[in-house]
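Hi,

Here is the structure I said I would pass on. Have a look at it first, and my notes on what turned up follow below.

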Amino acid sequence: WVTGLPWKLAVGGHGAYASGQKAGESKITRFDPILPDAYANCGPMSLIAWSNSIEGGGHLRLTPWREAGLMLGYRHLALAETSDQWISGGLLQLGNSTTNSSRTLGNELDLSFSYAPFESLQFAAGYGAFLTGPGAKEILKQAGRGSPDIQHFGYFQATMNIP
């Protein structure tokens, strides 16, 4: 939704649910995506796939001038089934835990800036912070990846479209 406020302030929201595999059930109940969906719909950090996931969030976008944009986003990430795999947007299995009792993976905060000096050239830079929740901590610990409180992600990207 684009407001009439200065800098074309836009407000957006989103949510998704994808089923997971129930523990001990032989019938497949997990939604399995066949292709990765890194960044496009799963957030800049690409922490979840459309499999065994519940997510919701929103963003604010400012466009101070036509060529530039600033975005601040938030996502709450959770598991549909606590004992099933946690899968990233790149379809990488991050782990699972049969003793995990929490759906909450955590909260992702994102900040990005984009600048397109020409129609065919765009630069983007961003930062993401993942505040690790109890479910993610348990899964990462069982996978031998530690139990971090916060994870960081940064990027710089140049995109050129040749017509």
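Glutamate 55 and arginine 75 are both buried, and they pair up with each other in a salt bridge whose closest N and O atoms are 3.0 Å apart. This pair ties together distant parts of the chain, with glutamate 55 in strand 2 and arginine 75 in strand 3, 20 residues apart. Bear in mind throughout that this is a predicted model.

The structure has four salt bridges, and here are two others. Aspartate 149 bridges to lysine 137, with 2.6 Å between the closest N and O atoms. That one also links distant parts of the chain: aspartate 149 is in the loop between helix 1 (134–142) and strand 8 (150–160), while lysine 137 belongs to helix 1, twelve residues apart. As for cover, aspartate 149 has 56% relative accessibility, so it counts as exposed. Lysine 137, with a relative accessible area of 23%, is partly exposed.

Then there is arginine 66, which forms a salt bridge with glutamate 67, the closest N and O atoms being 3.8 Å apart. Arginine 66 is exposed because its relative accessible area is 75%, whereas glutamate 67 comes in at 29% and so counts as partly exposed.

Arginine 66 and glutamate 67 turn up again in the lining of the second largest pocket. What might interest you there:

- The space in this pocket comes to about 180 Å³.
- Its lining also includes Arg61, Thr63, Ser114, Phe118 and Gln122.
- By type, the lining residues split into four nonpolar, four polar and four charged.
- Strand 2 (53–65), strand 3 (68–78) and strand 6 (104–118) each contribute at least two lining residues, and strand 6 gives the most, with four.

And which elements give two or more residues to the nonpolar patch on the surface? First, the patch itself: Trp1, Val11, Leu60, Trp65, Leu70, Leu72, Leu111, Phe113 and Tyr115 make it up, with about 900 Å² of accessible area together. The elements in question are strand 2, strand 3 and strand 6. Strand 6 is the top contributor to the patch, giving three residues.

Cheers

Note on methods. Residues numbered from 1 in each chain as written. Predicted model: local features only at pLDDT ≥ 70, side-chain atom pairs only at ≥ 80, totals over all residues. Heavy atoms only, no water. 1 Å grid on protein atoms, 1.4 Å probe; cavity = no way out; pocket = protein on both sides within 12 Å on 5 of 7 lines; lining within 4 Å. Points joined across faces, edges and corners; volume = space filled by probe spheres on them. Nonpolar A, V, L, I, M, F, W, Y, C, P; charged D, E, K, R; others polar. Patch = residues over 30% accessible without salt bridge, like charges linked within 9 Å, V, L, I, M, F, W, Y side chains within 5 Å. Areas by Shrake-Rupley, 256 points an atom, 1.4 Å probe, with all protein chains shown as cover. Salt bridge = Lys/Arg side-chain N within 4 Å of Asp/Glu carboxyl O. Buried < 20%, exposed > 50% of the residue type's maximum accessible area, 1.4 Å probe, protein only.
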